[in-house]
Amino acid sequence: MATGSVLAFWAVSLLLIAVPGADWAFTIGAGLRSGSVVPAVGGLVVGYAAVTVIVAAGVGALVAGSPSVLTGLTAVGGLYLIWHGATTFTRPSALDVRAGVGTDWSTFLRGIGVSGLNPKGLLIFLALLPQFTDPHYAWPVPVQLAVLGLTFMATCAAFYLCLGTLTRTVLDPRPAAARTVTRLSGAAMTALGTWLFLDHLLP
């Protein structure tokens with residue numbers, strides 16, 4: 001596909017990633033509570049990989065066209081963010097992910113949930129990716145969507161690795177400030193989850 005289309009999509013992706021949201025809150029919380037932010041960011045990227053596969057396979061359009069399925073996914077995603085946000089808020093100083101493969105694995109799985117269970121992310125992919133594809137190009141549209149998805153994931157990985165590392169470097173020597181920021185990130189996830197849940201379930 002045209003290099004210009006990929007670069008244009010990358011620029012738009014960077015702007016979207018730079019807007020604070022659930023991914024930000026999760027990355028900041030993980031950066032302060034863990035020895036490495038890599039498992040958290042890896043989970044976020046894998047979650048977006050799943051969304052890319054869904055969209056490229058055409059399943060995303062079917063989900064978007066079914067109000068009941070979309071409402072169910074939104075409710076599940078909202079409840080997940082509420083649970084994770086509340087856990088982060090109530091245990092801001094729990095450093096249980098500093099050691100051990102099991103805890104890193106748990107952080108990785110939570111990252112998948114944060115990005116992969118967010119129906120808003122699916123809708124963004126549905127609305128955004130097709131605009132940068134060309135049905136007349138030599139590559140099939142699913143392949144073009146996959147390239148754009150990989151571009152988004154690489155940008156996401158680089159941005160959140162920097163964000164998590166910077167957060168840890170600045171706040172780790174300041175335990176009180178770190179606990180405050182962790183609580184704020186937990187509150188932000190809880191608020192976003194509540195909004196997702198109520199936005200689709202209340203008339």
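## A buried tyrosine

Tyr160 counts as buried, at 3% relative accessibility. Buried means under 20% relative accessible area, exposed over 50%, and partly exposed in between (1.4 Å probe, protein chains only). Phe159 is partly exposed, with a relative accessible area of 21%. The rings of Phe159 and Tyr160 have centres 5.4 Å apart and planes at 90°, so this pair is edge-to-face.

This is a predicted model: local features need pLDDT of at least 70, side-chain atom pairs count only at pLDDT 80 or more, and totals for chains, interfaces and linings use all residues. Residues are numbered from 1 along each chain as its sequence is written, and side-chain values use heavy atoms, with hydrogens and water left out.

## Helix α2

Helix α2 covers residues 22-33, twelve in number. Helices (H or I, at least four residues) are DSSP runs, numbered from the N terminus. From first C-alpha to last, α2 reaches 16 Å, close to the 16 Å expected. The expected span is 1.5 Å times one less than the number of residues.

Twelve of the twelve residues of α2 are buried. Among them are Trp24, Phe26 and Arg33.

## Aromatic pairs

The structure holds six aromatic pairs. Rings of Phe, Tyr and Trp (its six-membered ring) pair if their centres lie within 6.5 Å; planes under 30 degrees apart count as stacked, over 60 as edge-to-face and the rest as tilted. Trp24 and Phe159 have ring centres 5.7 Å apart and planes at 50°, so their pair is tilted. Trp24 lies in α2 and Phe159 in helix α8 (residues 141-171), so the pair ties together parts 135 residues apart in sequence. Ring pairs link Trp24, Phe159 and Tyr160 into a cluster.

Technical notes:
Helix = DSSP H or I, 4+ residues; strand = E, 2+ residues; numbered from the N terminus.
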